[in-house]
Amino acid sequence: ALNAQGERQKPMDVIANDIFVSHLTGRVAAMASEEERSCILGDTPSRYEVGFDPLDGSSNLDTSLPTGSIFGVYAHTPGR
């Protein structure tokens, strides 16, 4: 599969994304992931939105170079 940037997803990209989404579901108003083509709207009221790249540098996994997660937390503005 391809991510939002048109890059081929590695299995670890999908696993990391699933972990982020499962832990944020029910806790945030919305989330945006590099691995998703569209924003995921939350089903409970929340004051926050989260944007993330669940596994930045996943192309380095085969060479044991550093990888990590990048995320930002933002105030939710209803209706925007």
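**Exercise 1. Is S64 buried or exposed, and what is its phi?**

*Solution.* S64 is exposed, because its relative accessible area is 68%; the cut-offs are under 20% for buried, over 50% for exposed and partly exposed in between, with a 1.4 Å probe and protein chains only. Before going on, note that this is a predicted model, where local features need pLDDT of at least 70, side-chain atom pairs count only at pLDDT 80 or more, and totals for chains, interfaces and linings use all residues. Residues are numbered from 1 along each chain as its sequence is written, and side-chain values use heavy atoms, with hydrogens and water left out.

Next, find S64 on the chain: it sits in the loop between β3 and β4. Then check the backbone. Phi of S64 is near 65°, which is positive although the residue is not a glycine. Most residues other than glycine have a negative phi.

**Exercise 2. Which elements does the protein have, and in what order do they run?**

*Solution.* Start by counting: you get 1 helix and 4 strands. Now read from the N terminus, and the elements go α-β-β-β-β. For the overall dimensions, the C-alpha atoms fill a box of roughly 45 × 20 × 20 Å along the principal axes. Of the 80 residues, 29% count as buried.

**Exercise 3. What is the strand order of the sheet, and which strands are at the edges?**

*Solution.* Go pair by pair; two strands pair if DSSP finds at least two bridges between them.

- β1 and β2 pair in the antiparallel sense over 2 bridges, with M31 opposite I40 in β2. These two strands form a hairpin with 6 residues between them.
- β1 (residues 30-33) and β3 (residues 48-56) pair in the parallel sense over 4 bridges. Here A30 stands opposite E49, and A32 stands opposite G51.
- β3 and β4 (residues 68-75) pair in the antiparallel sense over 7 bridges, with D56 facing G68 in β4.

Put together, this gives an open sheet of 4 strands in the order β2-β1-β3-β4, with mixed pairing. The edge strands are β2 (40-41) and β4, each of which pairs on one side only. Touching, or contact, means heavy atoms within 4.5 Å.

**Exercise 4. Why is the pair of F20 and F52 stacked?**

*Solution.* First, the rule: rings of Phe, Tyr and Trp (its six-membered ring) pair if their centres lie within 6.5 Å; planes under 30 degrees apart count as stacked, over 60 as edge-to-face and the rest as tilted. That rule finds 1 aromatic pair. The ring centres of F20 and F52 are 4.7 Å apart and the planes meet at 20°, so the pair is stacked. It links distant parts of the chain, with F20 in helix α1 (residues 11-24) and F52 in strand β3, 32 residues apart.

Now look around F52. F52 counts as buried, because its relative accessibility is 6%. Leaving out residues up to four places away in sequence, its contacts include N17, F20, M31 and I70.

**Exercise 5. Which residues make up the largest nonpolar core?**

*Solution.* Look for buried Ala, Val, Leu, Ile, Met, Phe, Trp, Tyr and Cys residues joined through side-chain atoms within 4.5 Å. The largest such core has 6 residues in all: V21, L24, V28, M31, V50 and F52.

**Exercise 6. Where does S58 lie, and what joins its side chain to D13?**

*Solution.* S58 lies in the loop between β3 and β4. S58 is buried, because its relative accessible area is 11%. Its side chain and that of D13 are joined by a polar contact of 2.8 Å. Such a contact is a pair of N or O atoms within 3.5 Å; within protein, one must be able to donate a hydrogen and the other to accept it, and residues adjacent in sequence count only if both atoms are side-chain atoms. Beyond its neighbours within four places in sequence, S58 touches K10, D13 and T67.
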